[in-house]
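Visitor: Please walk me through the model shown below, and give the cut-offs as you go.

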Amino acid sequence: MTGAVSNRSAHSPLRALLAAGDPAKALAAAGAALARDPADADAGFIAAVALAETGRISDALKAIGAVVRAAPGNSEYLAQHARILLLARREGEALAAARLAVEKAPCDPLVLDTIGCVFARLGAHEEALPLFEQAVAAQPDLSEYRFNLASTLGFFGRVDDAALQYEAIIAREPAHGRAHLGLAGLKRRPNAEGVARIESALTAASDPLEQVRLHYAAAAGFEGLQDHDRAFDHLAKGNAIHRARLGYAFADDEAVFDAVRRSFVTDLPLRSDSTLEDAPLFVVGLPRTGTTLVDRILSSHPAVTSAGELQAMPLAVKQLAQTGSRMVLDPETIGALQGASAQVLGELYLSRARQNAGAQSSRFTDKFPLNFLYIGWILQAFPNARVLCLRRGAMDSVWSNYKHLFATGSPYYRWSYDLMDTARYVLLFQRLMAFWRQRFPGRIHEVTYEWLVADQEANTRKMLAHCGLEWDAACLDFHQNAAAVATPSAQQVREPMNARAIGRWRAYEAHLGEVMAFFTANGIPLD
């Protein structure tokens, strides 16, 4: 979601500076215009957007606030107000501002798309969808609008409609990596012509990130065609390109796991002062191991809603620690929590979580997978919290993560672009979960993915009992849940339970010998 603005105004030259990627010059020119006329709302608007683009979010909020007070009926100003509030992590206000912008009946496609992106980031996909549709109808030649529409259609399981949008993008831009990867993610029947088209696009792609996306899309196509060697070759190439860009060191993650364990090994680090009665349902585990499936099962219960993958707990921990380090969770932040209030942590979490529409009911799920790192703090902050942790065979866990391209700017999954880093991370996860089981006996219900697939009802009953929920047969029909799913499993969870994903790694066994040897040496079963 960028800070792009329309050029249709008296200050088009200022807006052109933003469009050209020069927010510093745009800010200087807007400042000069405001010096001539302090009541120039559009110059103030340009200044606000430019401030946001240069990372001065607090100043941008002040500037855009003055603008919307001066021109409360301008939908473009309101849309950017919502976007800047979101950048400031004031999600509840951003949602209100976006809804206010919609009330002004915008018709500019850029404004519609901007508001839609705010809704999408906040998980309000049902509110985003019509705005993306209107933006594409108004300006069908802009790929960014079509991509946002296609992605959202996919979240609702509208596979054919999403495919049409992706195909329209590819027809205009044959090397558009995100569109090819999005099309592959729809899990339609692959064909040799489609894979050849992707490989042809690779020869024309110069941007490394687009190359990565095209390699992943080609791998998905070859996997569908049962050509596993060529699928692996594309994955290896794509992962190597991406990992080289990240500057990642596995030791950084290892240090976090060690610091978490040390913090809880003797005494609890937080003051045990929480009287919060709230009981969120935390679905945790390694990514790509069934967390979306379990979230879907639980949120099919009439007493439960899904808030999606919230980052409310990591951000609450960082806010409570008040450390200036770059990473959300690092040894410095973990150490700074010693003696902090469990009650305050819970309140900080709820203040963020409740800004998501799905978290406004009395029982909601938070399925951010890496909350498994935060289990100790979660259980201190919420005495009534329920934690469900997914477990899956080690080799399937490695393979399912290695073959998936996470959000390229995410700081959380950098370990997944190398097979051995992924294997080492799986081992760290298993050891930390063993520690949590011992430290908080009876507080964590572990769900084995393979067992859930083998006996859906028996394991669903155990999950509901752990959560203090009455049995409801609707949980068995999770695939009929019509709500949007904004995760890579969006299409799988719209099907009845099946075992197709179990043991998928064995098709690539010839390439996974080092990983297998590593797990065997560490006493970890492969399946």
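Visitor: Which helix is Gln380 in?
Guide: Gln380 lies in helix H20, residues 375–381, where helices (H or I, at least four residues) and strands (E, at least two) are DSSP runs numbered from the N terminus. Residues are numbered from 1 along each chain as its sequence is written. The model is a predicted one, with local features requiring pLDDT of at least 70, side-chain atom pairs counted only at pLDDT 80 or more, and totals for chains, interfaces and linings using all residues, while side-chain values rest on heavy atoms, with hydrogens and water left out.

Visitor: Is Gln380 buried or exposed?
Guide: Gln380 has 7% relative accessibility and therefore counts as buried, given that buried means under 20% relative accessible area, exposed over 50% and partly exposed in between, with a 1.4 Å probe and protein chains only.

Visitor: And what is Gln380 in contact with?
Guide: Leaving aside neighbours within four places in sequence, Gln380 is in contact (heavy atoms within 4.5 Å) with Phe264, Leu268, Pro269, Leu270, Arg271, Ser272, Ser274 and Ala342. A polar atom of the Gln380 side chain also lies 2.9 Å from the backbone oxygen of Leu270; a polar contact is a pair of N or O atoms within 3.5 Å, where within protein one must be able to donate a hydrogen and the other to accept it, and residues adjacent in sequence count only if both atoms are side-chain atoms.

Visitor: Switching to aromatics, how many pairs are there?
Guide: The count comes to 25 aromatic pairs, under a rule in which rings of Phe, Tyr and Trp (its six-membered ring) pair if their centres lie within 6.5 Å, with planes under 30 degrees apart called stacked, over 60 edge-to-face and the rest tilted. In one of them, the ring centres of Phe282 and Phe382 are 6.3 Å apart and the planes stand at 40°, so this pair is tilted.

Visitor: Where do Phe282 and Phe382 sit in the chain?
Guide: Phe282 is in strand E1 (residues 281–284) and Phe382 in the loop between H20 and strand E4 (386–391), so to speak two distant parts of the chain, 100 residues apart, that the pair links. Both Phe282 and Phe382 are buried. Another tilted pair is formed by Phe518 and Phe519, at 5.7 Å centre to centre and 55° between the planes, and both of these residues are buried as well.

Visitor: What does E1 pair with, and where do its side chains point?
Guide: Leu281 and Val283 point one way from E1 and Phe282 and Val284 the other way, and all are buried. E1 runs parallel to strand E3 (residues 364–366), joined by 2 bridges, and parallel to E4, joined by 4 bridges; two strands pair if DSSP finds at least two bridges between them. Phe282 stands opposite Asp366 in E3, and Val283 stands opposite Leu388 in E4.

Visitor: What is the order of the strands in the sheet?
Guide: The 5 strands form an open sheet in the order E2-E3-E1-E4-E5, with parallel pairing. Strand E2 (305–306) and strand E5 (444–448) stand at the edges with a single partner strand each, so one side of each has no neighbour in the sheet.

Visitor: What does Phe519 touch?
Guide: Not counting residues up to four places away in sequence, Phe519 touches Ala394, Met395, Val398, Ala423, Val426, Ile524 and Leu526. Ala394, Met395 and Val398 are among the buried residues of helix H21, which spans residues 394–402 and has 9 of its 9 residues buried. The buried residues of H21 pack against helix H13 (208–224), helix H14 (228–246), H22 and helix H25 (513–521).

Visitor: Last one: which charged ends sit over rings?
Guide: Among them, the charged end of Arg178 sits over the ring of Phe147, 4.2 Å from its centre, and Arg461 lies over the face of Trp471, at 3.9 Å from the ring centre. The criterion is NZ of Lys or CZ of Arg within 6 Å of the ring centre and within 35 degrees of the ring normal.
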